[in-house]
Amino acid sequence: MGYNYSTKAAVGLLAVSVGIMMALAAWIMHRAFYVPHSGDRADAIVVPSGPSREVARALDRAAELFEQGVAPKVVVFVPLQAAAAAGIPRDSTVSVLASYPSGTYGESRTLERVFRNQDWKEAIVVTYPMHMLRTAATFSSRGIEVQQASWRLAPEVGFGKSAENPFKLAWQLAYETAALIYYIGVGYIDFR
């Protein structure tokens with residue numbers, strides 16, 4: 001026995017409604033995840049690795065903060081050339097290309113060693129807004145005092161005219177939520 005027309009219409013309407021709700025939730029959430037920098041000074045600005053588009057935006061934001069004089073050094077998990085292309089002077093950049101394991105947790109371990117070797121305590125972390133909470137919590141769990149700085153995910157031109165794909169934002173939000181829960185569960189994030 002197959003579905004009748006009204007059942008198919010109801011399922012279709014439900015699917016469209018869920019999609020619209022997810023897109024709207026992502027649009028609202030990306031504004032909630034925007035974290036402007038407080039203006040306080042730190043030992044270094046840190047740009048974690050990630051998708052190339054987000055890293056490019058993070059490097060641009062890090063260059064802005066560096067020009068404002070909020071930190072004397074910039075630690076990047078990308079090649080020096082990428083940081084230099086964003087306008088960050090090579091002599092002020094510490095490039096870390098390998099972390100084990102790869103990803104946010106591995107970068108936190110590597111960053112802990114870099115900070116310990118340099119006798120640094122405080123970092124301004126610049127990463128894409130959806131990734132900020134997990135990154136800041138993971139780095140803080142390694143004993144690094146974290147200030148946060150990100151950018152708005154889209155120009156303030158209204159829903160539907162945004163440069164960001166709301167379905168991609170919904171996916172990123174779901175991914176980051178699941179990753180945050182995993183990090184807490186396996187002990188990568190310690191809320192002591």
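Reader: What makes residues 52-67 a helix called H2, and how does its reach compare with the span expected at 1.5 Å a residue?

Author: Helices (H or I, at least four residues) and strands (E, at least two) are DSSP runs, numbered from the N terminus. H2 has 16 residues and reaches 22 Å from its first C-alpha to its last, close to the 22 Å expected, where the expected span is 1.5 Å times one less than the number of residues. This is a predicted model, in which local features need pLDDT of at least 70 and side-chain atom pairs count only at pLDDT 80 or more, while totals for chains, interfaces and linings use all residues. Residues are numbered from 1 along each chain as its sequence is written, and side-chain values use heavy atoms, with hydrogens and water left out.

Reader: Which residues of H2 are buried, and what follows the helix?

Author: The buried residues of H2 are Glu54, Val55, Ala58, Leu59, Arg61, Ala62, Ala63, Leu65 and Phe66, buried meaning under 20% relative accessible area, exposed over 50% and partly exposed in between (1.4 Å probe, protein chains only). Just after H2, Gly69 takes a positive phi of about 80°.

Reader: Why is Thr127 called buried?

Author: Thr127 has 2% relative accessibility, and therefore counts as buried. Thr127 is placed in the loop between strand E4 (122-126) and helix H5 (129-141). Not counting residues up to four places away in sequence, Thr127 touches Pro48, Ala58, Met132, Thr135, Ala149, Ser150 and Trp151, a contact being heavy atoms within 4.5 Å.

Reader: What makes the 5 strands an open sheet, and which are the edge strands?

Author: Two strands pair if DSSP finds at least two bridges between them. The 5 strands form an open sheet in the order E3-E2-E1-E4-E5, with parallel pairing, and the edge strands are E3 (93-95) and E5 (145-149), each of which pairs on one side only. The twist averages 25° from one strand to the next.

Reader: How do you know that E4 pairs with E1 and with E5?

Author: E1 (residues 44-47) and E4 pair in the parallel sense over 3 bridges, with Ile45 standing opposite Ile124 in E4. E4 and E5 pair in the parallel sense over 5 bridges, and Glu122 stands opposite Glu145 in E5. The chain crosses from E4 through H5 to E5, and this β-α-β crossover is right-handed, a term used if, with the strands pointing away from the viewer, the path from the first strand over the helix to the second runs clockwise.

Reader: At about what angle does H5 run to E5?

Author: H5 lies across E1, E4 and E5 and runs at about 165° to E5; axes are lines fitted to C-alpha atoms, for helices over the stretch in contact, and angles run from 0 to 180 degrees between N-to-C directions.

Reader: What makes a set of residues a nonpolar core, and which members of the largest one touch the most others?

Author: A nonpolar core is a set of buried Ala, Val, Leu, Ile, Met, Phe, Trp, Tyr and Cys residues joined through side-chain atoms within 4.5 Å. The largest nonpolar core has 26 residues, of which Ile45, Leu59, Ile124 and Val126 touch the most other members. E1, H2, E2, E4 and helix H6 (166-186) each give two or more residues to this core, and its largest share, 7 residues, comes from H2. Leaving aside neighbours within four places in sequence, Leu59 is in contact with Val47, Val76, Val78, Ala82, Ala83, Ala86 and Ile88.
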